[in-house]
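Hi,

Here is the structure I promised to pass on. Have a look through it first, and then read my notes below.

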Amino acid sequence: MKRPFLALLLLAGISFSLSAQDVYVAEGRFCAGDDTAWAAPGFDDSAWQILGFEKDWSLQGIDLTNGFGWYRLHVVIPSSLKKGVTDKLLLDLGPIDDTDETFLNGVLVGKTGRDGTDPAGFYEMWEEPRRYVVDPGLVNWDGENVIAVRVYNGAGEGGFYAGAARIGKPVLSDFVTMTVKRTPNSFETVFSSLTKTQGTLEVVVEDVFTNKETSHETRTVKLSPKKETRLGRATGQNTRVRVKYSDSRFGEELAEIFSMPYILTPKAPATPRYNGPLVFGVRPGSPVIFRLAFSGERPMVFDAEGLPEGVVLNPEDGVLGGSVSEAGDYPVVFTATNALGSASVEFTLKVGETIALTPPMGWNSWNCWGTSVSQEKVMASAAALVNRGLADYGYSYINIDDAWEADERAADGSILTNSKFPDMKALGDWLHSRGLRLGIYSSPGDLTCGGYLGTLGHEAQDAATWNEWGVDYLKYDWCGYSKVYNAQNDHSTASYVRPYLKMQEYLRQQPRDIFYSLCQYGMAEVWTWGHAVDANSWRTTGDISDTWESVRTIGFALQKELYPYAGPGHWNDPDMLVVGKVGWGERLHDSRLTPDEQYSHISLWSLLASNMLIGCPIDQIDDFTFNLLCNNEVNAVNQDILGRQARCLVEEDGFQIWARELSDGGTAVGIFNLNEDAAPVDLAGCLAKIGIEGVDTVRDLWRQQDIPMGTYVIAPHGVRYVKVR
Ligand code: GLA
């Protein structure tokens, strides 16, 4: 959100109003730490420093993660703001990184997110705009008021960052929230209101496949602060719903368009089918950990022709083991057979220095469990990866994110697990015996983002420990290293490279392949040097969350220029998937992305050759989420051995067309509608814009059908994802 910046009007943290209209505050007094006394209006903060709201606090010299800092805004609120449709006042603070509690003249008026001390677990809401409606009785009209904001920063940047705070009159959406709760066959529009008001609700239902209206109704809705109003309705599956509430008192509208979960991926055949990557890279002498990704009815038997010496295949579960000492390309034919038939695949085992020849696929604990992760939860997801059939699509990494670390190291300095992870080596063995791989998380700093022990000063020792545990993937997260960085005067690219180079050396000394995942949010254009520290992937942005705003920014805006940097062995990482149940802590919720947005998210990540790390508990996966993650044709684009990342070739009228060249000479094309309304697109016209002409049919990857040229309606925030042969 862009806000006017009225720096000239601001002196020493006191703001003045520009007119009888809204008041803007572009800076405030700041102090690191935490003290409830700081909420009081009379507290003397004159010794506090002044920070602006245009930039986060780390860009203003404050090094503060995993902790609290307070802002105090001094503001004269003119009585001209007293009368709107209601007598309430709005504090519109913009987004705050990561969580806040806001006090007006000593009284708590709003809270967003859960800070790091919350027993339910840290839940960051750094991108959520804070709009707090307050009672006029709390305001010192025409005099000085103090807005005190207690901020918790869990990782990376912290505090205000998006511009001036605004004090003004609230609008309808500040009083009335309209949320839609969905089940697979019905939905409920739930209203809650801070004021008495009324309006009309219009509900239009359309078929997602034909885009024809199937029903249209209007009714009067009366809202009051005393009760929630719920209006339920059954819809068939495969429907799109438009809900519009028009309020007669405010003269404003609230609208939502959403689809019911609709499944496009055809059911896999019961006969064997190979769905995995066509190559696998392993270094000479390193253990081969690979599970053949065949779907189909079990029992199934597996066979291989042409396996190099030293590699063995378990015929019952398709798990490869052993190692190869000689570098070289080994062509192998794998065959899977069940009662209904058999299928074979030509595959290449590439023994050489480059690993991660296709982007990593697997699971990571962070987006679901946050710091509440435990060995039990990890094993539940790992078991489900096999039992629910996701391993038959190539998902193989089981990555434990932050919060496995003990509070202190052992006497000899080695890193220990906390009580939630009683035996990491046993967990590693258990995963390997299933052909799955173990991933772990740490930081080059003294502390991780979650405040756990990092590797600083123990790099060699930790790499050796991880090898003993059987770690196959390391996510190495900058976080606590910012202290080292800030303490030195060197802010060159080399100072960003240094900690990652150091760990690289120790990782390469281990007798196993460890996928090296850099996590430093894209600083110093990491994509330009990540391969030089032997990184297999690097995060390109800050953390993702399960909102369209986040997916749109991270995926559709920030990845556009990064295609030259991806290729076999090293990938851009726009962060983990936010489909299924997420929550970053004990409490999970269904992804807030609509079904159409989820199709777009997965389509784009497949085009981008991104890491495909599932962020929901696999044992709780529903059919819709399975359909998103286990479409073999969609995943084949992500895993294509050419490793070309898609480019955004067209951007017009709110549409983006991304295309990616494939190893079989085909092109994968995603036509994305970033608008708020469904819109028809002429397929041939779209292809012509990217230089593809003279084709009669293309493959619809989600539906796995050949479709003719013609006009196709694309849902709001939705996609048509095709392959041109
Ligand atoms: C950072 C990373 C996240 C996650 C947390 C763990 O925020 O970007 O992906 O690893 O740290 O604390």
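Helices (H or I, at least four residues) and strands (E, at least two) are DSSP runs, numbered from the N terminus.

Bear in mind that this is a predicted model: local features need pLDDT of at least 70, side-chain atom pairs count only at pLDDT 80 or more, and totals for chains, interfaces and linings use all residues. Residues are numbered from 1 along each chain as its sequence is written, and side-chain values use heavy atoms, with hydrogens and water left out.

Helix α5 spans residues 459–469, and its buried residues are Glu459, Asp462, Ala463, Thr465, Trp466, Asn467 and Trp469. What lies over them? The cover for the buried residues of α5 includes α4 (424–433), β31 (437–442), β32 (471–477) and α7 (493–508), where contact means heavy atoms within 4.5 Å. Just past the end of α5 comes Gly470, with a positive phi of about 90 degrees.

Now the ligand. It is surrounded by 14 residues, and the closest are Asp401, Asp402, Lys475, Asp477 and Asp543; a residue counts as near if one of its heavy atoms lies within 4 Å. By type, the shell around the ligand splits into 7 nonpolar, 1 polar and 6 charged residues.

Asp543 has a side-chain N or O atom 2.5 Å from a ligand oxygen, and for Asp401 a polar side-chain atom sits 2.6 Å from an oxygen of the ligand. Arg539 also has a side-chain N or O atom 3.2 Å from a ligand oxygen. On its own the ligand exposes 310 Å², of which the protein buries 98% (Shrake-Rupley areas, 1.4 Å probe).

On to salt bridges, meaning a side-chain nitrogen of Lys or Arg within 4 Å of a carboxyl oxygen of Asp or Glu. The count comes to 44. One of them pairs Glu202 with Lys244, with the closest N and O atoms 3.8 Å apart. Glu202 belongs to strand β15 (residues 197–207) and Lys244 to strand β18 (residues 239–247), so this pair ties together parts that are 42 residues apart in sequence. Both ends are partly exposed: Glu202 has a relative accessible area of 25% and Lys244 is at 30%.

Which parts does the salt bridge between Arg242 and Asp677 tie together? Its closest N and O atoms are 3.8 Å apart. Arg242 lies in strand β18 and Asp677 in the loop between β41 (667–673) and β42 (679–682), so the pair links parts 435 residues apart in sequence. Asp677 is partly exposed, at 47% relative accessibility.

Lys581 and Asp590 also meet in a salt bridge, at 3.0 Å from N to O. Lys581 is partly exposed at 27%, and so is Asp590 at 46%.

Over to you!

Technical notes. Polar contact = N/O pair within 3.5 Å; in protein donor to acceptor, adjacent residues only side chain to side chain. Nonpolar A, V, L, I, M, F, W, Y, C, P; charged D, E, K, R; others polar. Buried < 20%, exposed > 50% of the residue type's maximum accessible area, 1.4 Å probe, protein only.
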